[in-house]
Structures are given as structure tokens and as C-alpha cells.
Amino acid sequence: MSQPRWLSEPEQRLWRAWRAMYQRLESTLDRDLARDSGLSGADYALLVPLSEAPDQRVRARELRNGVGWDRSRLAHHLRRMEQRGLLVREDCPTDARGTIIRLTDEGRRAIEDAAPGHVAAVRWNFIDLLTEEEVTVLTSVAKRVNDRLNEADNA
């Protein structure tokens, strides 16, 4: 078995800083979102693609793949959001096994009310701290990492 390629000191600093930043940023954004809108980060993650979809409808499988959740987590969270009137689950007209998730008027109001504050928090805590060049570089890095992860998922 070959020896691991240990991280150099600069690589360790980068990796640890990145993880700490990601965890703190996600925690801060979720906390602010819940305080300001009553939505959780998970609620928001599902409401965004629904609000952007044609007719505010998305197949459950596509929604699950888009947020990277397993089937059980999605089903439980959808049930809770449905109980709150944010969305409804409907049978898929073209596939008896499929489910369509539809945004309700209440869900549309919730995402429209939450979005301005959430985007302001994303700007304040992340985007506005970066130069245009850093935005470009980080976008490129994120795309490259996501492409590698997608390759691994499809292998």
C-alpha cells in the first residue's frame, strides 16, 4: 500500500480554514434565515428550486438530486413542509411511481418574503468580502471540485 500524500502546512491551513468558514457561514446563514423568516436552511434549499421551476412543480427525484439528500430525508422534510402548507405532493401524471412537488401560494409567499434578507446576509457574510477576481477564482474552483465529485458519483 502506498504512503498517503499528507497535506503540506499551507494545504492544511487552507483545508482547515475552508472547513471552518463553510461550517460557520452555513450556521450563521441558517440562524439568520430562521430568525428573520421562520424558514430553516433546509426549507429554503427546497423552496428555491420549486419557486424557479415552470409552474412551481418539480419531480421529487429531481428535487432530491438537486439538493443531494437521500430519499428518507427528503420524504420526512417534505411531509413537515406540507403540514405547514408550503408545498403539496401530487401523483406524477406520466409515471405512477413518481411524485410531483408543487409550491403552494403560502410557499411562494414564504420564499418571496425570505429571499431579500437571505441574499443580504449572503452578501454581507461572503460575497461583499471578495474582489471580482476572487469571485471568478472561487467560482472556477467550486466548478472544478463539483465536476470531480460528479464524476465520482457517476463512476
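Trainee: Why is Gln56 called partly exposed in this predicted model?

Mentor: Gln56 has a relative accessibility of 25%. Buried means under 20% and exposed means over 50%, with partly exposed in between; therefore Gln56 counts as partly exposed.

Trainee: Where does Gln56 lie, and what is its phi?

Mentor: Gln56 is in the loop between H2 and E1. Its phi is positive, about 50°, although Gln56 is not a glycine.

Trainee: Is Asp55 buried or exposed, and how do you know?

Mentor: The relative accessible area of Asp55 is 58%. The cut-off for exposed is over 50%, so Asp55 is exposed.

Trainee: What is the phi of Asp55, and in which loop does Asp55 lie?

Mentor: Asp55 has a positive phi of about 60° without being a glycine. The loop that holds Asp55 runs between helix H2 (41–52) and strand E1 (57–59).

Trainee: Which elements make up the protein chain, and in what order do they run?

Mentor: The protein chain has 6 helices and 3 strands. From the N terminus on, the order is α-α-β-α-α-β-β-α-α.

Trainee: How does the radius of gyration of the protein chain stand against that of a compact globule?

Mentor: The protein chain has a radius of gyration of 19 Å, whereas a compact globule of 155 residues would have one near 15 Å. Along the principal axes, the C-alpha atoms fill a box of roughly 55 × 40 × 25 Å.

Trainee: What percentage of the residues of the protein chain count as buried?

Mentor: Of the 155 residues, 25% count as buried, the cut-off being under 20% relative accessible area.

Key:
Residues numbered from 1 in each chain as written. Predicted model: local features only at pLDDT ≥ 70, side-chain atom pairs only at ≥ 80, totals over all residues. Heavy atoms only, no water. Helix = DSSP H or I, 4+ residues; strand = E, 2+ residues; numbered from the N terminus. Rg over C-alpha atoms; globule rule 2.2 N^0.38 Å. Buried < 20%, exposed > 50% of the residue type's maximum accessible area, 1.4 Å probe, protein only.
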